[in-house]
Every structure is written in C-alpha cells, then in structure tokens.
Amino acid sequence: MKAEADPNLIVYFNGDYVPLREARVGILTHALHYGTGVFEGIRGYWDDAEHQLFVFRPLEHYERWKQNCGILRIDVPASAEELCAITLELTRRNALRTDVYVRPLAYKSAERIGVSTDSQDGFALIALPFGEYLHSEQGLHAGVSAWRRLEDNAIPARAKICGAYVNSALATDDAKRSGFDEAIFLNESGHVAEGATCNLFMVRKGALITPPSTENVLEGITRAAVSELARRELGIETVERPIDRSELYICDELFLTGTAVGVAPVVRVDHRPVVHGEIGAITRQVRRLYFEAARGHLPGYRKWLRPVYPSPAEARELSLAGTAVG
Ligand SMILES: Cc1ncc(COP(=O)(O)O)c(C=O)c1O
C-alpha cells in the first residue's frame with residue numbers, strides 16, 4: 001500500500017472527474033476547522049480468477065452516508081444509486097485492477113470564521129489502491145483504551161463524523177505507543193463499545209455476542225454481513241447485549257469487523273491471551289466466509305457486490321454492438 005496517493009489519480013470533486021492535484025479546498029473551509037464532515041469507507045476486492053473488481057455493498061454504504069449526513073444537515077445532491085454509478089465509473093477511469101478503498105466525504109464548505117453552519121455543502125469521492133489495513137492473519141493484540149467512546153448526545157458514534165475521529169485518533173495513538181495493534185473503547189457506562197475503527201464480536205459458549213447499536217457504536221455494514229453469514233451458513237445467531245470489560249478476558253473467542261480490517265481475530269487483550277492465544281474455530285470460519293463472499297466466491301451473496309468491469313460475455317456483446325453500429 002502506497003503512503004501517498006498518485007496526484008494524477010482521477011477523483012470526483014464538485015460534480016466532475018478531475019485529477020487529485022486539482023481537487024483543492026480553501027484554508028478557511030468550515031469542515032477543516034470544526035470537523036463538520038461525514039465520510040464513508042467502502043472496499044472493492046479484486047478477483048484474479050474472474051478478472052473482476054467487486055465493490056462490497058456500496059448501496060448500503062451510500063444509504064448510511066446520506067442518512068448520517070442528515071444528522072449534520074449536509075445535503076448530498078445525488079441518490080445512493082447515482083453514487084454507486086459514480087463509484088464504478090471512478091474505478092474504471094483509474095483502471096483499478098487491485099483491491100481498492102473508496103472514500104466518500106461530504107462537508108460544510110463555507111470559507112469563513114464562525115462555527116454556525118449554513119447550507120453550503122460539498123462532496124468528493126476518491127477511489128485508490130488499498131491493501132491490508134491491519135496485519136491480522138496471525139491475530140491481533142488489542143488494548144482497552146483509557147479514552148472513553150463518545151456519547152450519542154455529544155457526537156453520535158453511529159455516524160462517521162469527521163470531528164468524532166479525534167476520539168479514535170487519540171485512542172489509536174495511545175494503543176500503538178503501548179504496543180497494541182488496536183484500541184478497544186469502553187463507553188461512559190463502562191461497557192465495551194467497539195474498536196477505534198471497527199466493531200467487536202466475542203464468542204461465549206458457542207454464541208456470537210456484539211454490543212447493540214445503542215452502546216455508542218457505528219452501525220457497521222461488515223457487522224451486519226458477519227451476523228447474516230454466521231446465521232445462514234453456520235446456524236449461529238448473534239446476540240446483541242452489553243459486554244463487560246472483564247468478559248473480554250474470559251471469552252472463548254474475540255474478533256473485530258470493519259470495512260478496513262475485514263474480520264480480524266484478536267488473540268490477546270490487555271496482555272492476556274484469549275484462551276490459549278490462538279485464533280478460534282468460529283472466528284476462522286466467519287473470516288473465511290466473509291472474504292469468500294467479498295471476492296464473489298459465494299453465489300448466494302453476489303447480491304452484495306457490484307462488479308466494476310463488464311464480464312467476458314458482456315464485453316463480447318458490447319464489442320459486437322460497436323461493430324454493428326460502426
Ligand atoms: C468506529 C468504527 N466502528 C466500526 C466500523 C466498521 O463499520 P463498517 O463495517 O461499516 O466499515 C468503522 C469503520 O468504518 C469505524 O470507524
């Protein structure tokens with residue numbers, strides 16, 4: 001994964017496809033000073049066998065994004081379907097044939113001093129090559145953070161509000177400096193909320209357990225996908241209930257879910273092994289199912305994916321149509 005994006009990358013900005021180097025905002029932009037933006041994170045998975053790039057659940061991401069923009073009264077003047085179409089066009093224009101990450105960002109765009117908001121909004125979509133976010137194959141060491149998760153009536157954690165990610169950045173910085181791979185947040189009630197950039201599941205006595213969305217967590221799309229895969233493919237229901245910190249130390253398995261992390265096993269928490277410090281059987285199965293679904297290998301879940309490029313049959317038809325006309 002490259003640290004810096006290519007300045008010639010084509011991005012969608014102010015209603016147009018332009019090179020990244022031309023997509024600029026002014027230094028007085030409201031969102032830059034006050035964090036008044038809402039972003040999303042969407043993955044596309046390249047499948048070598050099919051020579052295809054599959055974008056994972058973009059419609060659900062754009063529906064969530066538009067809903068959450070509403071919390072900040074930011075208007076995105078395109079439907080979720082139109083945003084899906086722009087995303088696919090963007091990946092094609094950049095000829096991306098690898099795993100990708102798509103970053104939609106909507107923001108308060110007025111250039112002036114003053115925290116009060118108005119109706120000047122902007123949005124951009126960026127699609128770029130993106131590999132692993134956390135190296136989780138062997139399992140992660142997570143640490144419970146001293147920073148508490150934001151409360152819904154301070155800054156809602158269910159929306160990916162730019163300013164709210166100061167909370168995640170502080171916890172992540174602390175976690176990395178203390179030698180952990182990821183931070184786990186408790187909320188103000190002392191219950192486990194989620195990771196700094198992901199949702200959390202634990203396994204106890206064969207049951208999958210995750211905190212409910214009222215515990216100040218993002219309503220994760222990977223979380224929903226994992227629950228559905230576990231129920232339909234493994235016959236395991238997900239129980240939504242508050243989780244105590246000490247349950248993390250005695251649970252049978254633990255894993256994190258999110259667009260960036262995928263399904264990431266946790267094998268140690270706060271220097272304590274999860275059972276024997278090995279990846280558990282349910283975690284292994286859920287992780288395999290998730291990545292198979294995301295790369296288009298599970299026919300029952302192709303409905304989650306939007307292919308970017310025409311299939312060989314579609315490409316033949318297009319070229320025949322081109323010959324007929326031309
Ligand atoms: C704080 C937080 N929780 C959970 C998630 C997982 O959400 P999703 O699966 O929709 O990517 C993310 C990442 O997007 C996140 O930033």
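Me: How do you know whether phenylalanine 56 and tyrosine 290 are buried or exposed?

Reply: Both phenylalanine 56 and tyrosine 290 are buried, a word kept for residues under 20% relative accessible area, whereas exposed means over 50% and partly exposed is in between, with a 1.4 Å probe and protein chains only. This is a predicted model, in which local features need pLDDT of at least 70 and side-chain atom pairs count only at pLDDT 80 or more, while totals for chains, interfaces and linings use all residues. Residues are numbered from 1 along each chain as its sequence is written, and side-chain values use heavy atoms, with hydrogens and water left out.

Me: Why is the pair of phenylalanine 56 and tryptophan 304 called edge-to-face?

Reply: Rings of Phe, Tyr and Trp (its six-membered ring) pair if their centres lie within 6.5 Å, and planes under 30 degrees apart count as stacked, over 60 as edge-to-face and the rest as tilted. The ring centres of phenylalanine 56 and tryptophan 304 are 5.8 Å apart and their planes stand at 80°, so the pair is edge-to-face. Phenylalanine 56 belongs to strand E5 and tryptophan 304 to the loop between H7 and strand E17 (305-307), so the pair ties together parts that are 248 residues apart in sequence; helices (H or I, at least four residues) and strands (E, at least two) are DSSP runs, numbered from the N terminus.

Me: What makes threonine 283 count as buried?

Reply: Its relative accessibility is 1%, and on that value threonine 283 counts as buried. Threonine 283 is found in helix H7 (residues 281-294).

Me: How do you know that the side chains of threonine 283 and glutamate 253 form a polar contact?

Reply: A polar contact is a pair of N or O atoms within 3.5 Å; within protein, one must be able to donate a hydrogen and the other to accept it, and residues adjacent in sequence count only if both atoms are side-chain atoms. The contact between threonine 283 and glutamate 253 is 2.6 Å.

Me: What makes the charged end of arginine 93 sit over the ring of tyrosine 17?

Reply: The rule asks for NZ of Lys or CZ of Arg within 6 Å of the ring centre and within 35 degrees of the ring normal. The charged end of arginine 93 is 3.9 Å from the centre of the tyrosine 17 ring, and arginine 272 lies over the face of tyrosine 249 at 4.0 Å from the ring centre.
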